[in-house]
Amino acid sequence: MSHTAKRLRYVLKRLLQAVPIVLAIIVVNFFLLQLAEGDAVDVLAGEAGSATPEYMAELRKKFGLDQPLPVQLAVYLKNVLAFDLGYSFRHEMPVLELVLDRFIPTLLLMVSTIFLAVGVGIILGLLAATGLNTWRDTLISVFALVTYATPLFWVGLMFIVVLSLNFGWFPTSGMENIAAFHEGWDRVWDIAHHLVLPTVTLSLFYLALYTRLMRASMLEQAGMDYVTTARAKGLTERRIMFVHVLRNALLPVVTMAGVQVGALIGGSVIVESVFAWPGLGMLAFEALFSRDLNLLLGIFLLSALLVVSVNLIIDIIYSWLDPRIEVS
Amino acid sequence: MSESLLEIRNLHICLPEGSERPYAVEAADLDLAPNEILCIVGESGSGKSLTARAVMGLLPKPHVRVVDGSIRLAGEDVNQVSEARLREIRGSEVSMIFQEPMTALNPVMTIGDQIDEVFRFHESMTRKDRRSRALDLLADVHLPDPDQIVRSYPHELSGGQRQRAMIAMALALDPKILIADEPTTALDVTTQAQILKLIKEMQAAHNTGVLFITHDFGVVADVADRVAVMQQGSVVETGTADEVLNAPKHPYTQALIAAVPSLAPRPPRDQSAEPALQVKGLNKVFRSGGGFLGFGGGGRTVQAAKDVTLDLKRGETLGIVGESGSGKSTVARCIVRLIDADDGQILLNGTDLRPLNRAEMRPHRASIQMVFQDPFASLNPRTRVGKIIAQGPLLRGTPLAEAQERARELLSIVGLDERAYDRFPHEFSGGQRQRIGIARALALNPEVLVADEPVSALDVSIQAQILLLLDEIREKMHLSMIFITHDLRVAAQVCDRIAVMRYGEIVETGATAEIFADPQAPYTKDLLAAVPGQNWRAA
Amino acid sequence: MANFWRLFRRNRSAVAGLAILVMVILMAATAQLLYPADPFSLAGASMQPPGEGGFLLGSDSLGRDVAAGIAHGAKTSLLIGLLATIVAVGFGTVMGALAGYYGGWIDDLLMRTTEMFQTIPSFVFAILLVAIMKPSIHSIVIAIAVVSWPAVARLVRGEFLSLKNREFVQACHTLGMSDAKVILGEILPNCLSPIIVIGSLMVATAILIESGLAFLGLGDPNIMSWGFQIGAGRTLLRSAWWVCTFPGIAILVTVLAINLVGEGLNDALNPRLRERQ
């Protein structure tokens with residue numbers, strides 16, 4: 001079998017493996033949210049101030065909340081598979097619409113963060129490893145160590161204090177200046193300007209992680225036998241580092257990047273809330289406090305799908321980097 | 001001797017501070033002439049590998065480096081030349097092959113690209129020329145289908161093919177010197193014979209001078225023109241192969257050569273006809289893959305034991321001989337019930353052990369004990385030696401004082417000081433640890449001892465001592481022994497009878513002397529023909 | 001033990017981390033003595049900058065002493081970090097050990113579960129758990145433990161997988177040793193080092209998660225915490241920078257110190273790495 005065919009089979013296999021995980025997530029979250037005290041009707045009734053038990057029962061019936069749990073779950077599963085994520089009572093619009101509306105900003109934040117964190121992390125790790133025990137290495141290692149220990153929300157706030165309030169370089173919140181009615185490239189520029197601080201904030205922790213991982217991985221690979229072989233062939237140190245060691249050292253970093261995508265979405269809840277970034281994270285937070293069950297399920301499903309698809313892309317990259325995939 | 005290719009004078013290589021000795025290599029003098037194979041022989045820690053690496057300037061600097069002496073390649077001292085010149089020398093004038101071809105090749109780069117690099121960095125050739133040269137080289141080392149091999153990654157080749165590819169890469173630019181650092185140690189004996197043949201063939205075709213590092217005197221006898229023996233960093237003896245192998249002068253060389261087991265089988269001993277252990281129709285299939293809910297496809301199956309039938313007589317040593325993957329270790333582990341066989345019988349004193357569950361098996365455990373291969377992995381690093389040995393009897397309800405006394409007694413039986421009792425395994429050498437492992441197995445007074453490659457991780461002099469110990473113990477304690485080994489020399493010295501295994505099947509069983517004198521199965525013939533150094537010490 | 005300390009001491013930054021950590025612990029222990037009053041109570045004028053109005057690190061809009069909050073918050077952070085880690089490491093070790101040792105369906109179940117946990121955004125999951133159980137020390141500890149244990153389980157599983165095929169473990173089987181004895185007496189002691197290391201690093205992560213939860217208003221409402229201080233001071237960013245800044249520094253320094261100690265432990269307990277340096 002050719003390498004391409006093997007790669008394709010590997011990626012398909014990974015795709016297949018993701019299906020039960022996504023299903024499990026739907027089921028787990030559904031039951032978890034059932035544990036919560038009170039349902040949407042309680043919330044609606046609470047907000048309305050006075051509601052008769054008869055009216056509440058009627059509402060429950062209308063939303064299917066009087067059905068036994070397995071039925072509710074089955075109905076939900078069936079609907080999800082038909083891309084019907086239900087109706088948000090709170091926002092009075094379909095969940096799918098709401099969620100899709102907030103999906104793009106989160107995707108934007110995620111993608112820019114992954115590129116920044118992985119890209120810069122790899123470069124810094126490489127710089128540290130190639131200048132082992134020099135001031136460069138020390139500086140990068142200290143930076144990574146401190147960043148690794150910094151709470152995201154605090155960095156975000158400090159950025160706002162210093163860079164937005166003091167210097168006025170960046171906007172403090174939101175995704176764009178809606179009042180300005182930018183169009184075309186002006187709008188792109190405006191959104192990019194708003195994107196800088198949230199991205200930098202969210203990527204810092206992961207950047208530190210990848211820097212440390214890359215440095216350690218480079219050092220480990222530099223001690224391998226094949227490096228001695230390469231040296232015995234008369235290759236330059238440059239070639240050995242950037243062709244032989246680098247590619248092998250990237251493997252654990254890429255794996256880790258896949259593992260961290262889920263955590264990244266978690267981090268985006270905080271960052272979105274600090275910078276009022278109108279994404280899924282903020283929506284989830286709002287939904288939580290309004291007990292908007294359907295909306296929460298929708299957000300969870302979508303973020304899980306997001307993680308799965310990003311992981312798939314990372315699997316493809318990995319399969320391209322490591323010819324041994326079909327072995328494992 | 002004509003002018004020498006390589007001239008090493010008074011070489012000193014230092015070790016990091018706090019090491020056991022100050023120099024890894026001390027005052028070594030060596031010469032290599034064109035068209036000659038010089039073998040450097042020594043046990044582990046003798047400094048033979050570091051000497052080889054120093055020639056290419058590949059020492060793990062800065063802690064291990066040349067501190068004195070010279071290494072001259074055609075008059076040029078490699079310690080004095082610039083980095084750039086050193087890179088020029090490496091790969092084109094001197095090249096090297098290593099012990100473990102799997103780790104010595106870059107796992108994520110095709111064989112073709114790895115060979116290509118040698119040309120790219122030393123010659124100016126077009127891409128097309130380089131590719132066609134690579135294909136020629138692969139054909140030269142007798143690799144089948146070079147077109148396929150250039151596009152393969154190392155993990156897609158077998159061990160022997162990888163080493164052939166390494167050799168092709170090393171000979172790409174027709175170097176004057178080839179350094180081979182234990183190039184066949186990681187290979188099976190039949191593959192080893194092929195690779196040795198290839199190295200000799202290549203050496204003759206290219207008039208290369210070969211510096212061949214090995215610990216195996218059999219290999220030395222097969223390939224060497226001249227031999228240098230190293231001990232603890234010093235070259236204690238040099239001479240032609242004939243001089244060193246057949247009339248060694250230095251006591252260390254004499255001791256080493258005396259320790260090499262002879263291929264002549266031991267004289268047969270009287271043995272009872274009464275069986276100690278019988279294995280009948282044993283089967284074991286390993287399945288990999290599959291997995292939860294059937295995801296991940298069908299999975300692979302390997303038949304590790306296929307209808308294996310063995311008969312161990314009381315008081316005899318039965319050898320199971322085979323190469324890696326032959327299933328010999330699987331059979332051993334099935335017999336001691338570490339692995340559950342799929343079907344068949346394991347009869348010990350009339351009881352079939354195979355169908356017993358763990359609780360039912362427990363009373364029979366004492367009768368059948370095992371000695372393991374790896375002296376470092378076979379002892380719990382966090383348990384004191386005394387406890388390791390006393391553990392078995394304690395588990396069976398022996399009073400503490402009695403078990404402790406027995407453990408001390410066993411320590412002296414296996415030739416260790418009683419003070420070993422309170423120490424941890426890491427304080428002992430490989431040979432001593434193997435003694436501890438034997439004491440542990442003996443603590444339960446077994447009838448049958450299964451020894452799984454008990455000496456293959458040890459240096460040859462230690463190996464001889466452990467084999468002697470096993471023999472003594474077998475006599476003294478009336479043991480019957482199953483001895484798993486890949487080494488026919490060892491088998492010849494220890495086993496009364498041997499069973500030869502391949503692909504999970506026993507291809508031949510018989511008295512050791514008969515099989516060595518007149519092997520029936522073609523595979524046994526190949527195996528015997530591949531044993532290195534048989535013309536040297538066949539008798 | 002003496003040997004361990006000798007090795008640990010060689011890593012100077014780890015010793016510095018330990019020193020800082022000891023100071024944070026002392027601060028937590030003496031918080032009640034230094035600031036006997038309830039840290040939520042009004043302690044003087046509001047919005048005082050650091051050093052003024054008797055406030056070492058200033059006061060917030062309700063006149064609460066920032067320094068008092070930090071001292072009391074130390075207790076919360078350390079307590080929750082430690083408790084959550086103990087629960088996560090305990091549960092993760094048991095699961096990982098069983099899965100690694102027995103394999104089969106337990107292992108399949110564990111691996112699929114941990115894969116699911118890798119797909120779920122874990123911090124969102126923690127938020128969800130705390131919100132459902134109502135914010136309290138218990139719910140926060142449980143939530144952090146729930147999202148943290150899979151990492152421990154994977155690590156322990158891996159160690160068990162490799163150790164169970166080691167020859168010394170097989171030797172124990174040939175002696176007829178029971179599974180419980182093999183797991184607890186032979187394998188577990190040999191994987192304590194990585195468990196200790198991951199545990200120490202997990203305390204740091206747990207403190208970060210706790211502060212994040214508290215920042216979002218999901219802290220125990222009766223207990224002062226650093227995250228809560230920052231969350232409450234958010235609206236004052238323009239006028240009183242100190243309210244947010246100092247608790248953040250406290251988190252940073254504490255987490256950094258624990259990470260340094262964790263790395264020191266790793267160096268001292270992992271001989272393979274040590275030799276490489």
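Visitor: Which residue in β10(B) stands opposite Met230(B)?

Guide: Met230(B) stands opposite Val235(B). The model is predicted: local features need pLDDT of at least 70 and side-chain atom pairs count only at pLDDT 80 or more, while totals for chains, interfaces and linings use all residues. Residues are numbered from 1 along each chain as its sequence is written, and chains are lettered from A and ligands numbered from 1 in the order in which they are written.

Visitor: How many bridges join β9(B) to β10(B), and do the strands run parallel or antiparallel?

Guide: Strands (E, at least two residues) and helices (H or I, at least four) are DSSP runs, numbered from the N terminus. Two strands pair if DSSP finds at least two bridges between them. Here β9(B) and strand β10 (residues 234-240) of chain B run antiparallel and are joined by 6 bridges. Their hairpin has 2 residues between the strands, and Gln232(B) takes a positive phi near 50° there.

Visitor: In which sense does β3 of chain B pair with β9(B)?

Guide: Strand β3 (residues 37-41) of chain B pairs with β9(B) in the parallel sense, over 4 bridges. Within this pairing, Leu38(B) has Arg226(B) of β9(B) as its bridge partner.

Visitor: Why is β9(B) described as largely enclosed?

Guide: A residue is buried if 20 or more other C-beta atoms, placed from the backbone, lie within 10 Å of its own, exposed if 12 or fewer, and partly exposed in between. Strand β9 (residues 226-231) of chain B has 6 of its 6 residues buried, so it is largely enclosed by the rest of the structure. Both faces are covered: Arg226(B), Ala228(B) and Met230(B) are buried on one side, and Val227(B), Val229(B) and Gln231(B) on the other.

Visitor: What does Ile482(B) touch?

Guide: Two residues are in contact if their C-beta atoms, placed from the backbone, lie within 7 Å. Leaving aside residues up to four places away in sequence, Ile482(B) touches several residues, among them Leu312(B), Leu318(B), Ile320(B) and Val448(B).

Visitor: How many helices and strands does chain A have?

Guide: Chain A has 12 helices and 2 strands, in the order α-α-α-α-β-β-α-α-α-α-α-α-α-α along the sequence. Its C-alpha atoms fill a box of roughly 85 × 60 × 40 Å along the principal axes. Of its 328 residues, 43% count as buried. Among contacts in chain A with a separation of 6 or more, 73% come from residues 24 or more positions apart.

Visitor: What is the mean pLDDT of chain A?

Guide: pLDDT is the predictor's confidence in each residue, from 0 to 100. The mean for chain A is 82, and 92% of its residues reach 70 or more.

Visitor: How many residues of chain A are in contact with chain C?

Guide: In chain A, 35 residues are in contact with 32 residues of chain C. The largest share of the side of chain A comes from α10(A), with 9 residues. For classes, Ala, Val, Leu, Ile, Met, Phe, Trp, Tyr, Cys and Pro count as nonpolar, Asp, Glu, Lys and Arg as charged, and the others, Gly among them, as polar. The side of chain A that touches chain C has 28 nonpolar, 7 polar and no charged residues.

Visitor: How many residues do chains B and C give to their contact?

Guide: Chain B gives 20 residues and chain C gives 15. On the side of chain B, α14(B) gives the most, with 3 residues. That side has 9 nonpolar, 6 polar and 5 charged residues.
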